[in-house]
Amino acid sequence: MQTSSFSNHAGFVWSERPFLHVREVAELLSISRATVYVLAKNGPLRIVSIGQRRVVDTSTLVQYIDKLKVEADERAAQEARA
């Protein structure tokens, strides 16, 4: 089984790192790198430049994932009431 290249990078879990590479975010969310850039352009994610590299502010990724979970819970609750 192949494991994520960043799941335990340098002894840290991904959510403890201040920034993640765009490719790491894409892998984590199972989306394309282009979609990560779209999410950054449309607001949920924040990309910053560090030298030549573009990285995602991990705190915005955590907030985005939390928002997705809340939305999924709300949909499930609505479906249960229907």
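This is a predicted model: local features need pLDDT of at least 70, side-chain atom pairs count only at pLDDT 80 or more; totals for chains, interfaces and linings use all residues.
1. Residues are numbered from 1 along each chain as its sequence is written, and side-chain values use heavy atoms, with hydrogens and water left out.

2. Three strands form an open antiparallel sheet in the order 1-3-2, where strands are DSSP runs of E with at least two residues and helices are runs of H or I with at least four, numbered from the N terminus, and where two strands pair if DSSP finds at least two bridges between them. Strand 1 and strand 2 (47-50) stand at the edges with a single partner strand each, so one side of each has no neighbour in the sheet. Strand 1 and strand 3 pair over three bridges, and Leu-20 stands opposite Val-56 in strand 3.

3. Helix 3 has 24 residues and reaches 35 Å from its first C-alpha to its last, close to the 34 Å expected at 1.5 Å a residue, the expected span being 1.5 Å times one less than the number of residues. Its buried residues (under 20% relative accessible area, 1.4 Å probe, protein chains only) are Thr-58, Thr-60, Leu-61, Tyr-64 and Ile-65, and these pack against strand 1 (19-21), helix 1, helix 2 and strand 3 (53-57).

Methods: Buried means under 20% relative accessible area, exposed over 50%, partly exposed in between (1.4 Å probe, protein chains only). Contact means heavy atoms within 4.5 Å.
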